[in-house]
Amino acid sequence: MSNLVVPHLDKVRHSGTAGINELEPESGEVAVEPSTSGPEPSNPPGQSNLTLIVYHNDGPVITNNVGHVDNANLGTNYGHMDQRAPGIQNRTGSTKDALNYLIANMAPGAMHDSKERCDAPKCMEETRVAVQEEIMNWIDDGERDIQPKKIMWVTGPAGTGKTAVLGTIADSCKEKGTLAASFFFSAFAGSANRRTKRCFVPTLAYQLMGHRDLKGIRQHVLSPIAEDKGIIFTKNLKEQFITIVLNPLLSRVGELGRNTQARLVIIIDGLDECDAEQYQLQDSSKHVPIRRKEDDQREILSLLLLAANNHSIPFRILVGSRPEHDIYDFFANEGKGHTRELFLDSKYDPESDIALFYKAKFSIIRRRFKLPEDWPKEDAIFTLVRNASGQFIYAATVIRYIEGAPHSTNSGTDTSGQPSTPHRRLERILGLQSSWRHGNNLHNPLEALDALYRLVLDSCPDPELSMKWLRATRQLGQSNEPPP
């Protein structure tokens, strides 16, 4: 017995056996007595074989193989005992280590409300109303559909506002308490762990165990991590998902209210921007197949489908991406029976939203540069809305170009000889219309965007250098080659 502390016991007499005290409790007191009677447990070398007998009003409770006992504040019917047996790690330390392993393998910047996403696009007030209503109705009442679907795929071409919509939905669900977890992939994010699948599962697990309705799963998430000392994060994605997401949820699903389960949602955005994670053997002479990013994207979708197939999993899953071939193929085949597609097109009247966006942004520019209240004219805004062809990226680029640099002035021209006032920059954009329409490219809705990008590049002090940087960035983002 390495240590035995029994305060608040007055009658203690020595039994005549070295190291053993026999305790006689008064009526209503608690006594602790180590004993050598009964079967002897097997202890490691150097450890004594002792039985701890705890006397209480209701009778003795016997515990074998005690390495340390610490009793304090023992009263009539209550007390506290902390027991550490030989070879057993303290539970508090294990939980703390497991949490550290989990945090080290997650991507905090991928969560919807991270500081890394502080400037991420969001829907302005009174914009994308129809889209948001359709998504929120599905989250709240989708189980009432004739054929309920647990996955919704929000898709559309680049620039249609998918990230803004899903970011706004995430904020709304967070306020309502229905956001279980989120992960926003980004190919050009500041942190590299938002670009691949490596941190996907740990980030979801961390958020799930922190949700107010799911706190019961915390120990079920951390225990397997503690048991293998974080080795779980070297396993394949499916093994991670089953071990620290599915199994913890299934272990506690009976304790969650049915109505609450139906409203929780996991939001995944930018799946098409998830790049491939390459693996390289220590023996560089052996050939390692190069993974395609589509392989990792389908792997993630397979995990989400695995959860959707389990009727006990209490979530809806909202996925946003461009309609890339492999993603479309997955939802059209394996995921067809569980997926509802929402394509962002003219059905949701993006032109009205873009017009509201222009008016709000132009009012800010007017105040900044002290421009007349009637600037710009309504026909100019109408032209800009029409040129956008439903692409929010066009409208956002127009505003950035017209605003100019943060500290620009009304001097007339900048150092590159380009117009530097908002009024003149707007005229340059409107002047592009005749040139690209004159080329009979009416069937290409992105022609106006291409012309706008060319204008922006021509406005750079060194257009050639800008093109080199763009080319290098594109090659870096598309490269599947592992680093040398």
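Let me start with strand S10, residues 179-184, where 6 of the 6 residues are buried, so the strand counts as mostly covered. This is a predicted model, so please keep that in mind throughout.

What does S10 pair with? Strand S11, residues 265-269, is joined to S10 by 5 bridges, and the two run parallel. If you want a place to look, find Ala181, which stands opposite Ile266 in S11.

Stepping back to the sheet, there are 5 strands in it, in the order S10-S11-S12-S9-S13. The sheet is open and its pairing is parallel. Which strands are at the edges? They are S10 and S13, the latter covering 339-343, and each of them pairs on one side only. From one strand to the next, the twist averages 15°.

At the S13 end, the neighbour is strand S9, residues 151-155, which runs parallel to S13 and is joined to it by 5 bridges. Here the residue pair to look for is Val154, opposite Leu342 in S13.

Now a helix on this sheet. Helix H4, residues 200-210, packs there and touches S10 and S11. The direction of H4 makes about 155° with that of S10.

That brings me to helix pairs. Two packed helices are described by the angle between their axes and the distance between the axes. I will give both for each pair.

H4 also packs with helix H6, residues 237-252, at an angle of about 10° and with the axes 9 Å apart. An angle under 35 degrees counts as roughly parallel, so H4 is roughly parallel to H6. On the H4 side, the contact is made by Val201, Pro202, Ala205 and Leu208. H6 contributes Leu237, Gln240, Phe241, Ile244, Val245 and Leu249. How do these residues divide by class?

From H12, the contact takes in Ile393, Tyr394, Thr397, Val398 and Tyr401, and from H14, Ala448, Leu449, Leu452, Tyr453, Leu455 and Val456. By class, the contact of H12 with H14 has 10 nonpolar residues, 1 polar and no charged ones.

The axes come within 10 Å and cross at roughly 25°. That makes H8 roughly parallel to H9. Is the crossing left-handed or right-handed? H8 passes H9 in a right-handed crossing. The residues that meet are Glu294, Gln297, Arg298, Leu301, Ser302 and Leu305 in H8, and Asp326, Ile327, Asp329, Phe330 and Phe331 in H9. The contact of H8 with H9 divides into 5 nonpolar, 2 polar and 4 charged residues.

Last, the chain as a whole. How many helices and strands does the protein chain have? It comes to 15 helices and 13 strands. Of its 484 residues, 44% are buried. Taking contacts between residues at least 6 apart in sequence, 67% join residues at least 24 apart.

Conventions. Residues are numbered from 1 along each chain as its sequence is written. This is a predicted model: local features need pLDDT of at least 70, side-chain atom pairs count only at pLDDT 80 or more; totals for chains, interfaces and linings use all residues. Side-chain values use heavy atoms; hydrogens and water are left out. Axes are lines fitted to C-alpha atoms, for helices over the stretch in contact, and angles run from 0 to 180 degrees between N-to-C directions. Helices (H or I, at least four residues) and strands (E, at least two) are DSSP runs, numbered from the N terminus. Angles under 35 degrees count as roughly parallel, over 145 as roughly antiparallel, 65 to 115 as roughly perpendicular and the rest as oblique. A crossing is left-handed if the near helix is turned anticlockwise from the far one by less than a right angle, and right-handed if clockwise. Contact means heavy atoms within 4.5 Å. Ala, Val, Leu, Ile, Met, Phe, Trp, Tyr, Cys and Pro count as nonpolar, Asp, Glu, Lys and Arg as charged, and the others, Gly among them, as polar. Buried means under 20% relative accessible area, exposed over 50%, partly exposed in between (1.4 Å probe, protein chains only). Two strands pair if DSSP finds at least two bridges between them.
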